[in-house]
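Open the model in your viewer and keep the sequence panel beside it.

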Amino acid sequence: MNKKSSRHSSGSVELKEGTGPITAMCPCGEFLEIYKVDKTFRVKTPEAIDPEEMNPNAPWVASPVDDVGSSNPIVARVLLQGHEILNSAPFEGEVNKDAVTKHLHRCKESLVACEKTAKRVGSHIDRVVGEVTAQGISTDSGGRALNPFPQVPDLDSNCGTFLIQANRAIKLICELPQFFIALERADSNFDHLSKRLFTTVGEKRPVVEFVKANAVGVRYLIELRNFHEHPKEKRTIIDNFRLMPDAKIRVPMWHLSGQEPRPIKEEMFSALEFLIQIAEAMLIHLVMHRVSKQFPFIVEEIPDKDIDVKNPIKYRLSIDLSKLRKG
(Lines give C-alpha, C1' and ligand atoms only; values in the text may rest on other atoms or scores of the structure.)
Protein backbone atom coordinates (compact mmCIF):
# COMPACT_ATOMS: atom_id res chain seq x y z
CA MET A 1 0.00 0.00 0.00
CA ASN A 2 1.14 3.54 -0.69
CA LYS A 3 2.62 4.79 2.56
CA LYS A 4 1.53 8.30 1.57
CA SER A 5 -2.15 7.34 1.74
CA SER A 6 -4.35 9.19 4.22
CA ARG A 7 -4.34 6.39 6.74
CA HIS A 8 -0.59 6.94 7.27
CA SER A 9 -0.90 10.70 7.64
CA SER A 10 -0.86 12.47 10.97
CA GLY A 11 -4.17 13.70 12.30
CA SER A 12 -5.98 15.05 15.31
CA VAL A 13 -9.23 14.26 17.09
CA GLU A 14 -11.29 16.76 19.08
CA LEU A 15 -13.07 15.23 22.06
CA LYS A 16 -16.05 17.50 22.67
CA GLU A 17 -17.96 15.63 25.36
CA GLY A 18 -17.06 15.84 29.03
CA THR A 19 -15.62 18.61 31.18
CA GLY A 20 -12.33 20.37 30.61
CA PRO A 21 -9.13 19.05 29.02
CA ILE A 22 -7.78 15.52 28.68
CA THR A 23 -6.46 14.38 32.06
CA ALA A 24 -5.06 10.90 31.35
CA MET A 25 -4.49 8.29 28.65
CA CYS A 26 -3.92 4.55 28.77
CA PRO A 27 -3.13 2.16 25.89
CA CYS A 28 -5.32 -0.94 26.12
CA GLY A 29 -4.35 -3.17 23.22
CA GLU A 30 -6.30 -2.34 20.08
CA PHE A 31 -7.53 1.00 21.42
CA LEU A 32 -6.29 3.96 23.42
CA GLU A 33 -8.47 4.96 26.33
CA ILE A 34 -8.51 8.72 26.90
CA TYR A 35 -10.01 10.45 29.92
CA LYS A 36 -11.40 13.74 30.97
CA VAL A 37 -12.35 14.09 34.63
CA ASP A 38 -15.88 12.84 33.93
CA LYS A 39 -15.74 11.03 30.59
CA THR A 40 -14.05 8.06 28.97
CA PHE A 41 -13.25 7.88 25.27
CA ARG A 42 -11.79 5.10 23.15
CA VAL A 43 -9.70 5.90 20.11
CA LYS A 44 -8.90 3.27 17.48
CA THR A 45 -6.21 3.75 14.87
CA PRO A 46 -6.55 2.74 11.20
CA GLU A 47 -4.23 -0.19 12.01
CA ALA A 48 -6.65 -1.47 14.66
CA ILE A 49 -9.67 -1.08 12.38
CA ASP A 50 -8.04 -2.42 9.21
CA PRO A 51 -4.93 -4.42 10.19
CA GLU A 52 -4.60 -5.96 6.69
CA GLU A 53 -4.54 -2.46 5.14
CA MET A 54 -7.31 -3.12 2.66
CA ASN A 55 -8.61 0.46 2.84
CA PRO A 56 -6.07 3.22 2.08
CA ASN A 57 -8.45 5.75 3.63
CA ALA A 58 -9.25 3.89 6.84
CA PRO A 59 -10.07 6.55 9.46
CA TRP A 60 -9.31 6.99 13.11
CA VAL A 61 -12.38 6.36 15.27
CA ALA A 62 -13.03 8.17 18.55
CA SER A 63 -16.02 7.17 20.68
CA PRO A 64 -17.31 8.41 24.06
CA VAL A 65 -17.93 5.18 25.99
CA ASP A 66 -18.64 6.05 29.61
CA ASP A 67 -19.71 8.88 31.89
CA VAL A 68 -16.91 8.24 34.36
CA GLY A 69 -13.42 9.64 33.94
CA SER A 70 -10.04 9.92 35.60
CA SER A 71 -11.55 11.43 38.76
CA ASN A 72 -13.32 8.14 39.46
CA PRO A 73 -11.33 6.13 42.07
CA ILE A 74 -11.85 2.87 40.15
CA VAL A 75 -10.38 4.31 36.95
CA ALA A 76 -7.55 6.00 38.82
CA ARG A 77 -6.53 3.31 41.30
CA VAL A 78 -7.19 0.12 39.36
CA LEU A 79 -6.12 1.09 35.83
CA LEU A 80 -4.19 4.39 35.67
CA GLN A 81 -2.22 3.77 38.86
CA GLY A 82 -1.50 0.19 37.84
CA HIS A 83 -0.33 1.26 34.37
CA GLU A 84 1.95 3.90 35.88
CA ILE A 85 3.47 1.45 38.37
CA LEU A 86 4.08 -1.11 35.60
CA ASN A 87 5.80 1.48 33.42
CA SER A 88 8.04 2.51 36.32
CA ALA A 89 9.15 -1.05 37.13
CA PRO A 90 12.20 -2.78 35.64
CA PHE A 91 11.53 -6.48 36.17
CA GLU A 92 13.75 -9.48 36.74
CA GLY A 93 12.87 -11.60 33.74
CA GLU A 94 10.10 -10.94 31.26
CA VAL A 95 6.73 -9.50 32.27
CA ASN A 96 4.21 -8.63 29.56
CA LYS A 97 3.24 -5.15 30.74
CA ASP A 98 0.77 -4.59 27.89
CA ALA A 99 -1.10 -7.80 28.73
CA VAL A 100 -1.26 -6.83 32.41
CA THR A 101 -2.64 -3.39 31.51
CA LYS A 102 -5.36 -4.95 29.32
CA HIS A 103 -6.23 -7.29 32.21
CA LEU A 104 -6.47 -4.34 34.62
CA HIS A 105 -8.74 -2.61 32.12
CA ARG A 106 -11.15 -5.56 32.19
CA CYS A 107 -11.12 -5.45 35.98
CA LYS A 108 -11.81 -1.73 35.90
CA GLU A 109 -14.79 -2.29 33.61
CA SER A 110 -16.35 -4.85 35.96
CA LEU A 111 -15.90 -2.61 39.00
CA VAL A 112 -17.37 0.40 37.19
CA ALA A 113 -20.40 -1.78 36.38
CA CYS A 114 -20.64 -2.67 40.10
CA GLU A 115 -20.49 1.01 41.02
CA LYS A 116 -23.29 1.96 38.62
CA THR A 117 -25.55 -0.73 40.09
CA ALA A 118 -24.68 0.27 43.66
CA LYS A 119 -25.49 3.91 42.92
CA ARG A 120 -28.77 2.98 41.24
CA VAL A 121 -29.88 0.82 44.18
CA GLY A 122 -28.58 3.31 46.75
CA SER A 123 -30.41 6.24 45.18
CA HIS A 124 -33.72 4.31 45.26
CA ILE A 125 -33.19 3.39 48.91
CA ASP A 126 -32.31 6.98 49.86
CA ARG A 127 -35.36 8.31 48.00
CA VAL A 128 -37.73 5.92 49.80
CA VAL A 129 -36.19 6.65 53.20
CA GLY A 130 -36.51 10.39 52.56
CA GLU A 131 -40.14 10.10 51.50
CA VAL A 132 -41.11 7.89 54.43
CA THR A 133 -39.32 10.17 56.89
CA ALA A 134 -41.05 13.25 55.50
CA GLN A 135 -44.51 11.89 54.71
CA GLY A 136 -44.97 8.51 56.36
CA ILE A 137 -46.70 5.68 54.46
CA SER A 138 -50.18 5.82 52.99
CA THR A 139 -52.92 3.60 54.35
CA ASP A 140 -55.94 2.26 52.51
CA SER A 141 -59.45 3.57 53.08
CA GLY A 142 -59.98 1.39 56.11
CA GLY A 143 -56.78 2.53 57.71
CA ARG A 144 -55.72 -1.05 58.40
CA ALA A 145 -53.22 -1.60 55.58
CA LEU A 146 -50.08 0.24 54.57
CA ASN A 147 -50.78 0.68 50.90
CA PRO A 148 -48.74 1.15 48.79
CA PHE A 149 -45.84 -0.12 50.86
CA PRO A 150 -42.55 1.23 49.38
CA GLN A 151 -40.24 -1.09 47.47
CA VAL A 152 -37.02 -0.70 45.49
CA PRO A 153 -37.83 -1.72 41.90
CA ASP A 154 -35.92 -4.69 40.43
CA LEU A 155 -33.95 -5.15 43.63
CA ASP A 156 -33.30 -8.87 43.14
CA SER A 157 -32.07 -8.47 39.56
CA ASN A 158 -29.90 -5.47 40.48
CA CYS A 159 -28.33 -7.42 43.34
CA GLY A 160 -27.68 -10.27 40.94
CA THR A 161 -26.02 -7.91 38.45
CA PHE A 162 -23.83 -6.44 41.18
CA LEU A 163 -22.73 -9.85 42.46
CA ILE A 164 -22.00 -11.21 38.97
CA GLN A 165 -19.78 -8.23 38.16
CA ALA A 166 -18.09 -8.41 41.58
CA ASN A 167 -17.39 -12.10 41.02
CA ARG A 168 -16.00 -11.31 37.55
CA ALA A 169 -13.66 -8.72 39.10
CA ILE A 170 -12.52 -11.26 41.73
CA LYS A 171 -11.77 -13.79 39.01
CA LEU A 172 -9.70 -11.21 37.09
CA ILE A 173 -7.81 -10.25 40.25
CA CYS A 174 -7.11 -13.94 40.94
CA GLU A 175 -5.66 -14.28 37.42
CA LEU A 176 -3.14 -11.43 37.87
CA PRO A 177 -0.43 -13.60 39.52
CA GLN A 178 -0.09 -15.65 36.32
CA PHE A 179 1.46 -12.67 34.56
CA PHE A 180 4.24 -12.51 37.17
CA ILE A 181 4.61 -16.05 38.56
CA ALA A 182 4.65 -19.36 36.68
CA LEU A 183 1.55 -21.10 38.09
CA GLU A 184 0.10 -24.41 36.95
CA ARG A 185 -3.37 -22.94 36.38
CA ALA A 186 -5.62 -20.02 37.18
CA ASP A 187 -7.81 -19.90 40.27
CA SER A 188 -11.06 -18.04 40.82
CA ASN A 189 -10.89 -17.56 44.59
CA PHE A 190 -8.30 -16.58 47.18
CA ASP A 191 -8.50 -19.87 49.11
CA HIS A 192 -7.17 -21.94 46.21
CA LEU A 193 -4.87 -19.16 44.99
CA SER A 194 -3.12 -18.89 48.37
CA LYS A 195 -2.38 -22.62 48.35
CA ARG A 196 -1.06 -22.50 44.78
CA LEU A 197 1.13 -19.47 45.52
CA PHE A 198 2.42 -21.12 48.70
CA THR A 199 3.44 -24.21 46.73
CA THR A 200 5.16 -22.11 44.05
CA VAL A 201 6.92 -19.28 45.93
CA GLY A 202 6.83 -20.26 49.61
CA GLU A 203 4.78 -19.34 52.65
CA LYS A 204 6.35 -16.15 54.00
CA ARG A 205 6.24 -14.12 50.81
CA PRO A 206 4.17 -10.91 51.13
CA VAL A 207 1.95 -11.79 48.17
CA VAL A 208 1.03 -15.13 49.77
CA GLU A 209 0.28 -13.55 53.15
CA PHE A 210 -1.81 -10.85 51.45
CA VAL A 211 -3.96 -13.41 49.62
CA LYS A 212 -4.45 -15.51 52.78
CA ALA A 213 -5.37 -12.45 54.84
CA ASN A 214 -8.14 -11.42 52.43
CA ALA A 215 -9.56 -14.85 51.60
CA VAL A 216 -12.53 -14.53 53.99
CA GLY A 217 -13.81 -11.28 52.49
CA VAL A 218 -13.44 -12.62 48.96
CA ARG A 219 -15.18 -15.88 49.90
CA TYR A 220 -18.16 -13.98 51.33
CA LEU A 221 -18.78 -12.12 48.07
CA ILE A 222 -18.35 -15.28 45.99
CA GLU A 223 -20.83 -17.17 48.16
CA LEU A 224 -23.40 -14.36 47.95
CA ARG A 225 -23.20 -14.64 44.17
CA ASN A 226 -23.05 -18.46 43.99
CA PHE A 227 -26.02 -19.04 46.29
CA HIS A 228 -28.02 -16.32 44.56
CA GLU A 229 -27.55 -17.83 41.11
CA HIS A 230 -27.51 -21.47 42.28
CA PRO A 231 -29.48 -21.75 45.53
CA LYS A 232 -29.17 -25.06 47.35
CA GLU A 233 -29.56 -25.79 51.06
CA LYS A 234 -27.77 -22.49 51.51
CA ARG A 235 -29.16 -19.55 49.56
CA THR A 236 -28.79 -15.80 49.25
CA ILE A 237 -31.79 -14.03 50.75
CA ILE A 238 -32.65 -10.55 49.46
CA ASP A 239 -35.30 -8.59 51.35
CA ASN A 240 -36.78 -5.33 50.10
CA PHE A 241 -38.17 -2.68 52.48
CA ARG A 242 -39.92 -4.67 55.19
CA LEU A 243 -42.32 -3.94 58.03
CA MET A 244 -41.01 -5.45 61.26
CA PRO A 245 -43.11 -6.77 64.19
CA ASP A 246 -42.34 -3.63 66.21
CA ALA A 247 -43.90 -1.53 63.37
CA LYS A 248 -40.53 -0.16 62.28
CA ILE A 249 -39.56 -0.25 58.62
CA ARG A 250 -36.34 -2.06 57.80
CA VAL A 251 -34.21 -0.98 54.84
CA PRO A 252 -33.36 -3.60 52.16
CA MET A 253 -31.07 -6.36 53.44
CA TRP A 254 -29.27 -9.38 52.06
CA HIS A 255 -27.60 -12.33 53.70
CA LEU A 256 -26.73 -15.97 53.33
CA SER A 257 -29.29 -18.25 54.97
CA GLY A 258 -28.34 -18.82 58.59
CA GLN A 259 -26.40 -15.54 58.81
CA GLU A 260 -27.32 -12.08 60.06
CA PRO A 261 -28.96 -9.72 57.52
CA ARG A 262 -26.81 -6.82 56.33
CA PRO A 263 -27.98 -3.55 54.69
CA ILE A 264 -27.62 -3.85 50.92
CA LYS A 265 -26.68 -0.25 50.16
CA GLU A 266 -23.83 -0.15 52.68
CA GLU A 267 -22.68 -3.66 51.74
CA MET A 268 -22.48 -2.80 48.05
CA PHE A 269 -20.32 0.27 48.59
CA SER A 270 -18.14 -1.50 51.18
CA ALA A 271 -17.64 -4.42 48.80
CA LEU A 272 -16.72 -2.03 46.00
CA GLU A 273 -14.07 -0.27 48.10
CA PHE A 274 -12.76 -3.66 49.26
CA LEU A 275 -12.36 -4.84 45.66
CA ILE A 276 -10.61 -1.62 44.60
CA GLN A 277 -8.13 -2.11 47.44
CA ILE A 278 -7.69 -5.80 46.60
CA ALA A 279 -7.02 -5.04 42.93
CA GLU A 280 -4.44 -2.34 43.58
CA ALA A 281 -2.76 -4.27 46.40
CA MET A 282 -2.53 -7.48 44.37
CA LEU A 283 -0.75 -5.67 41.57
CA ILE A 284 1.60 -3.90 43.98
CA HIS A 285 2.55 -7.16 45.72
CA LEU A 286 3.19 -8.85 42.39
CA VAL A 287 5.28 -5.96 41.07
CA MET A 288 7.38 -5.94 44.25
CA HIS A 289 7.79 -9.72 43.97
CA ARG A 290 9.33 -9.40 40.50
CA VAL A 291 10.87 -5.91 40.44
CA SER A 292 14.63 -5.70 39.84
CA LYS A 293 16.70 -5.89 43.02
CA GLN A 294 19.43 -3.70 41.51
CA PHE A 295 17.77 -0.68 43.10
CA PRO A 296 15.90 -0.33 46.43
CA PHE A 297 12.38 0.09 45.07
CA ILE A 298 9.58 0.99 47.46
CA VAL A 299 5.87 1.71 47.12
CA GLU A 300 5.16 5.27 48.16
CA GLU A 301 1.74 6.26 49.51
CA ILE A 302 0.69 9.70 48.37
CA PRO A 303 -0.47 11.87 51.30
CA ASP A 304 -4.16 12.77 51.18
CA LYS A 305 -3.34 16.47 50.85
CA ASP A 306 -1.29 15.78 47.72
CA ILE A 307 -3.78 13.52 45.93
CA ASP A 308 -4.91 15.02 42.63
CA VAL A 309 -8.72 15.00 42.55
CA LYS A 310 -8.58 14.84 38.76
CA ASN A 311 -6.65 11.55 38.95
CA PRO A 312 -6.70 10.33 42.56
CA ILE A 313 -4.03 7.63 42.48
CA LYS A 314 -2.79 6.63 45.96
CA TYR A 315 0.46 4.76 45.33
CA ARG A 316 3.50 5.04 43.09
CA LEU A 317 6.70 3.07 42.67
CA SER A 318 9.77 4.96 43.89
CA ILE A 319 13.39 4.37 44.79
CA ASP A 320 14.39 4.66 48.45
CA LEU A 321 17.00 7.40 48.10
CA SER A 322 18.22 6.96 51.68
CA LYS A 323 19.24 3.37 50.95
CA LEU A 324 20.70 4.39 47.59
CA ARG A 325 22.96 6.95 49.25
CA LYS A 326 24.10 4.40 51.83
CA GLY A 327 24.98 2.02 49.00
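## The whole chain

Among contacts in the protein chain between residues at least 6 apart in sequence, 58% join residues at least 24 apart. Keep in mind that this is a predicted model. Along the principal axes, the C-alpha atoms fill a box of roughly 80 × 55 × 40 Å. Colour by burial next: of the 327 residues, 44% count as buried.

## Stop 1: Thr 40

Select residues 39-44. This is strand S3, and Thr 40 lies in it. Is Thr 40 buried or exposed? Thr 40 is buried, because its relative accessible area is 1%, under the 20% cut-off.

Now show side chains around Thr 40. Leaving out residues up to four places away in sequence, Thr 40 touches Glu 33, Ile 34, Tyr 35, Ser 63, Pro 64, Val 65, Asp 66, Val 68 and Gly 69. Zoom in on Val 68. Its backbone oxygen lies 2.5 Å from a polar atom of the Thr 40 side chain.

## Stop 2: helices H2 and H3

Select H2 (residues 73-88) and H3 (residues 97-135). The pair packs at an angle of about 170°, and the axes are 8 Å apart. H2 is therefore roughly antiparallel to H3.

Show the side chains where the two helices meet. On the H2 side, pick out Ile 74, Val 75, Val 78, Leu 79, Gly 82, His 83, Leu 86 and Asn 87. On the H3 side, the residues include Val 100, Leu 104, Cys 107, Leu 111 and Glu 115. Colour this contact by class: there are 10 nonpolar, 5 polar and 3 charged residues.

## Stop 3: Pro 252

Where is Pro 252 found? Pro 252 sits in the loop between strand S7 (249-250) and strand S8 (253-256). Pro 252 is buried, with a relative accessible area of 1%. Setting aside neighbours within four places in sequence, Pro 252 has contacts with Ile 125, Val 152, Leu 155, Asp 239, Asn 240, Phe 241, Arg 262, Pro 263 and Ile 264.

## Stop 4: helix H8

Finish with residues 264-290, helix H8. H8 has 27 residues and spans 39 Å from its first C-alpha to its last. That is close to the 39 Å expected at 1.5 Å a residue. How many of its 27 residues are buried? The count is 19, and H8 is mostly covered.

Conventions. Residues are numbered from 1 along each chain as its sequence is written. This is a predicted model: local features need pLDDT of at least 70, side-chain atom pairs count only at pLDDT 80 or more; totals for chains, interfaces and linings use all residues. Side-chain values use heavy atoms; hydrogens and water are left out. Helices (H or I, at least four residues) and strands (E, at least two) are DSSP runs, numbered from the N terminus. Buried means under 20% relative accessible area, exposed over 50%, partly exposed in between (1.4 Å probe, protein chains only). A polar contact is a pair of N or O atoms within 3.5 Å; within protein, one must be able to donate a hydrogen and the other to accept it, and residues adjacent in sequence count only if both atoms are side-chain atoms. Contact means heavy atoms within 4.5 Å. Axes are lines fitted to C-alpha atoms, for helices over the stretch in contact, and angles run from 0 to 180 degrees between N-to-C directions. Angles under 35 degrees count as roughly parallel, over 145 as roughly antiparallel, 65 to 115 as roughly perpendicular and the rest as oblique. Ala, Val, Leu, Ile, Met, Phe, Trp, Tyr, Cys and Pro count as nonpolar, Asp, Glu, Lys and Arg as charged, and the others, Gly among them, as polar. The expected span of a helix is 1.5 Å times one less than its number of residues.
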